[in-house]
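Take a look at the protein chain below. Then read on for a short tour.

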Amino acid sequence: MAPILLLIFHIIFITSMADIENPDATTLLALKTAIDPQNKLPWRKGSDPCTWEGVKECMRGRVTKLVVENYGLTGHIDGNTLARLDQLRVLSFKSNNISTQIPNNFSKLINLKSLYLNNNHFTGKFPNSLTSLHRLKTIVLSNNNLSGEIPPSIVNLPRLYLLYLENNKFVGQIPELNQTSLKFLNVSGNLLSGQIPSTSALLQFNSSSFKSNTHLCGPQIGLECNPNGPAMSPALSMLPPPTTTHHHRKTKIIAIAISGGVLILMIICLSLAFFLRKRRRQRTTVSKEPPPQPMEATAEREKGEPSGGGGSGGGERKGGFSWEGEKLGKLVFVGDETMNYTLEDLLKASAETLGRGSIGSTYKAVMESGYIVTVKRLKDARYPKMEEFRAQVEVLGRLNHPNVVPLRAYFQAREERLLVFDYFPNGSLFSLIHGNRPSGGGKPLHWTSCLKIAEDLATGLLYIHQNSGLVHGNLKSSNVLLGSDFESCLTDYGLHSFRNPESTEEPSAASLFYRAPECRDPRRLPLQPADVYSFGVLLLELMTGKTPFQDLVQEHGTDIPKWVRSVREEETESGEGSSGNETSEEKLSALLNIAMACVDVVPDNRPQMKEVLKMIRDTRAEAQASSNSSDHSPGRWSDTVQSLPREEQLSI
């Protein structure tokens, strides 16, 4: 009997020790009691909390990622209980029905990096304790009933990357945010007032980040600030300030009358000029000359680096699209999905130029419904012929892969051709690596990020190659967009055949050195080995933070590995880049070897993309097996790339 009793005692002891080793189980059950009065969360005592629904990641038995979304939770968050989950990196209670105040007990969550409490009914103030969390990168409190001021201490968050506070009732002024890490901001739909600070961080955002705050002013929204009163539009700012004397009141009335008269006269003149211009164009439609360019975004804003169709909303919403002529043609949807917009919706959309390239110009089109798409307007619509163009677009439209930006529709009429893609608000890989540096001098990414991005790109490129022998033809970091999970997605693929074959236009310096040596002549069509070369150059860009401003192979030859290591060593000395451990060096060396194989000057010596992808996956698998599970990237972007919970594309 003694051995049996000893065994029973041992089992009881082990069970009790398991409870002690998993303190988060008790904490989560206490949290459930407060937040889930209707018992919708299927958490059960005695089981491993790391297997519970909503617990996305654990580290040594401690919960690091808790994502409890769309459960209709109606209780309240117990701040004292929540504070015991001190290993949390990501916390999300978005899209529930919580209507109480947000607790102000976040100061003990010292590891928290991302917080999502949006799409609830939270009341009360912005939890000031959040501003003490120096690792915090992402704060999403949008679509609640929060009030009070945005605390000025939010400027003390050194890594703040995304701040979404839209559609609340915040009052007061916008803090002087000046973190260089800040890439996404939305404070629209509040009761904010005063001048938007002209810090470098806030000047990068346009009016869409601040709209529906009637008492804001500043260059970001095109309203001058009146020191004697509310914000004034540029037209009204020409008027004299209000005074209390009768004389000044008369002067003001006269000034308004004169201004109104001048405005009416200008409208009449512009209308007459427009009418005469239209008549002249109608009389010349029978001419053999091609018609004037039919689509234009008025007062376009150019960007330094051509974009493939995504951005963070850094420009202004400008003008609109307009097609001339009686026969407009039709918007043809491709693939399996019909979108909920029409050609008329696209005609009325406001437009912002995202960039210009050798194939054409790229626009962000915001429709009246608020739906956003990316429109690629081809530079020379004569090539190829209509039937060939339609056949090629239909092939591209059938591509369906999570690492490929989907083509949704196309339009052709007369000498106008448009391609419509999904809009990616998270921007491009170029902006991820280089930020706002026009020279492309960014920071090397951590090896975990390099491998993650490399696998995304290789997967998407292999998918393109395996579909009817397609070729991307223009692979570079600005043609890689970041999806809702910060996955890398290829865009501007398969468009090389839309160029004028007789064109001798040289590619830009920013694009030339991505191209394989055999494709530097713009008249030569690229083949799949040329994509492999471009992929290798992109890997070197990931590892060094340097754009291919020179022909790396010709300049460095077999010394490319030495050059890459020297660049990373410089960054390591300044506290950036490599983590300096053996795993980092080992995996970077493996990735460097892959890049070197890809940039071989002889096309036949380069591996195929399926071989490249296998090498990358083998390297990632070895890295995950050999490295400590807690070795999350300390690099600038890898935490964002790898740990954010899934968000909708256009609203977080």
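**The whole chain**

The model is predicted. Its chain holds 16 helices and 19 strands. Of the 652 residues, 51% count as buried. The accessible surface of the chain is about 31100 Å². Carbon and sulfur atoms make up 54% of that surface. Now consider contacts between residues at least 6 apart in sequence. Of these, 60% join residues at least 24 apart.

**A sheet of four strands**

Strands of a sheet pair through backbone hydrogen bonds, and the pairing is either parallel or antiparallel. The sheet described here is open and has four strands, in the order S6-S8-S10-S11. Its pairing is parallel. Which strands stand at the edges? They are S6 and S11. Each has a single partner strand, so one side of each is left without a neighbour in the sheet. On average, neighbouring strands of this sheet are turned by 30° against each other, direction ignored.

Look at one pair in detail. S6 and S8 run parallel and are joined over three bridges.

| S6 | residues 147–149 |

**Helix H11**

H11 covers residues 528–544.

Is H11 mostly covered or mostly uncovered? It is mostly covered, with 15 of its 17 residues buried. Just after the helix comes Gly545, which takes a positive phi of about 75°.

An α-helix has 3.6 residues a turn, so residues three or four places apart point the same way.

**Leu539 inside the helix**

Leu539 is found in H11. Is Leu539 buried or exposed? Buried means under 20% relative accessible area. Leu539 has 1% relative accessibility, so it counts as buried.

What does Leu539 touch, leaving out residues up to four places away in sequence? The answer is Ala454, Leu591, Ile594 and Ala595.

Leu539 and Ser477 are 62 residues apart in sequence. In space, their C-alpha atoms are 9.8 Å apart.

Definitions and conventions: Residues are numbered from 1 along each chain as its sequence is written. This is a predicted model: local features need pLDDT of at least 70, side-chain atom pairs count only at pLDDT 80 or more; totals for chains, interfaces and linings use all residues. Side-chain values use heavy atoms; hydrogens and water are left out. Helices (H or I, at least four residues) and strands (E, at least two) are DSSP runs, numbered from the N terminus. Buried means under 20% relative accessible area, exposed over 50%, partly exposed in between (1.4 Å probe, protein chains only). Contact means heavy atoms within 4.5 Å. Two strands pair if DSSP finds at least two bridges between them. Axes are lines fitted to C-alpha atoms, for helices over the stretch in contact, and angles run from 0 to 180 degrees between N-to-C directions. Accessible areas come from the Shrake-Rupley method with a 1.4 Å probe; for residues, only the protein chains shown count as cover.
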